[in-house]
Amino acid sequence: MCAMCRYYYCSTYICGFAAMAYFAMLSGQGWTAIAGCRQFFYARFADYIITMPLIILLLGQVAGADVPTIAATIGASSVWIIALYMGSVSVVTTVKWFWFLLSIGALAAVIVALARSFKEASMQRYPEVAELYGKAAWLIILAFFCYPVVWLFSEGFASFSVSFEICAYTILDVVTKVLVSFMVMSGHDALREGPAANKDFF
C-alpha cells in the first residue's frame with residue numbers, strides 16, 4: 001500500500017460520512033422529537049460515531065502513535081459520542097446529566113491523549129510532521145471543547161434554538177473534518193518523507 005493511502009482513505013471517509021449525514025438532515029430524514037417537542041437530529045450522532053474515531057485514527061497516523069494508544073483513544077471517543085446521544089434522548093433529568101458527565105470524562109481522556117501521547121509520538125518524526133500534527137491537533141482540541149458547550153445549551157438546557165444549534169454544529173464539523181483533512185492532505189510531502197510513514201497500522 002502506498003505511503004499516503006492511509007491518509008487519503010481516512011480523509012475521504014471522514015468527509016464522505018459527514019456529507020451523507022448532512023444530506024439526510026437536509027432531506028428531512030434522520031430526526032425525531034425529544035422531550036419538550038424539540039427537533040433532535042440523530043443522524044448527526046450516527047455520523048459522529050463513525051467519523052470521530054476516523055479523525056482519531058487520522059491524527060494517530062500523522063503522529064505515528066502506537067496501535068494501543070490509538071485504539072484506546074478511539075474507544076474513549078466512542079464512549080463520548082454514545083454518552084452524548086443517550087443524554088440527548090433521556091427524559092429523566094438526573095439520567096441526562098449523568099450521561100453528560102460521563103461524556104465529559106471520555107472527552108477529557110481523548111483530549112489528554114491528543115495533547116500528550118500523540119504529541120510525544122509526533123516528536124519522533126521529522127520536525128515538519130510534528131509541526132503539521134501540532135496545528136491539526138490543536139485545531140481539533142479547540143473544536144472538541146466546543147462540542148459539549150453547544151450540546152449543553154441545545155439538548156441540555158434548550159437555550160439555543162434548533163437553527164442556531166445546527167449552524168454551530170455545522171461550523172464545528174467543517175473545522176474538524178473538512179479543514180483538518182485538507183491540512184493533512186496539504187502536508188503530503190512531509191508525511192511521505194517522515195521516518196514513520198511506511199509503518200503499517202495493523
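What pattern does the protein follow, read along the sequence? Please then go on to the contact of α5 with α6.

Reply: Read along the sequence, the pattern is α-β-β-α-α-α-α-α-α, which comes to 7 helices and 2 strands, where helices (H or I, at least four residues) and strands (E, at least two) are DSSP runs numbered from the N terminus. This is a predicted model, in which local features need pLDDT of at least 70 and side-chain atom pairs count only at pLDDT 80 or more, while totals for chains, interfaces and linings use all residues. Residues are numbered from 1 along each chain as its sequence is written, and side-chain values use heavy atoms, with hydrogens and water left out.

Now to the pair itself. Helix α5 covers residues 127–156 and helix α6 covers residues 162–186, and their axes come within 10 Å and cross at roughly 165°; the axes are lines fitted to C-alpha atoms over the stretch in contact, with angles running from 0 to 180 degrees between N-to-C directions. The two helices are therefore roughly antiparallel to each other, a term for angles over 145 degrees. The crossing of α5 and α6 is left-handed, that is, the near helix is turned anticlockwise from the far one by less than a right angle. The residues of this contact divide into 18 nonpolar, 2 polar and 4 charged, where Ala, Val, Leu, Ile, Met, Phe, Trp, Tyr, Cys and Pro count as nonpolar, Asp, Glu, Lys and Arg as charged, and the others, Gly among them, as polar.

Technical notes: Angles under 35 degrees count as roughly parallel, over 145 as roughly antiparallel, 65 to 115 as roughly perpendicular and the rest as oblique.
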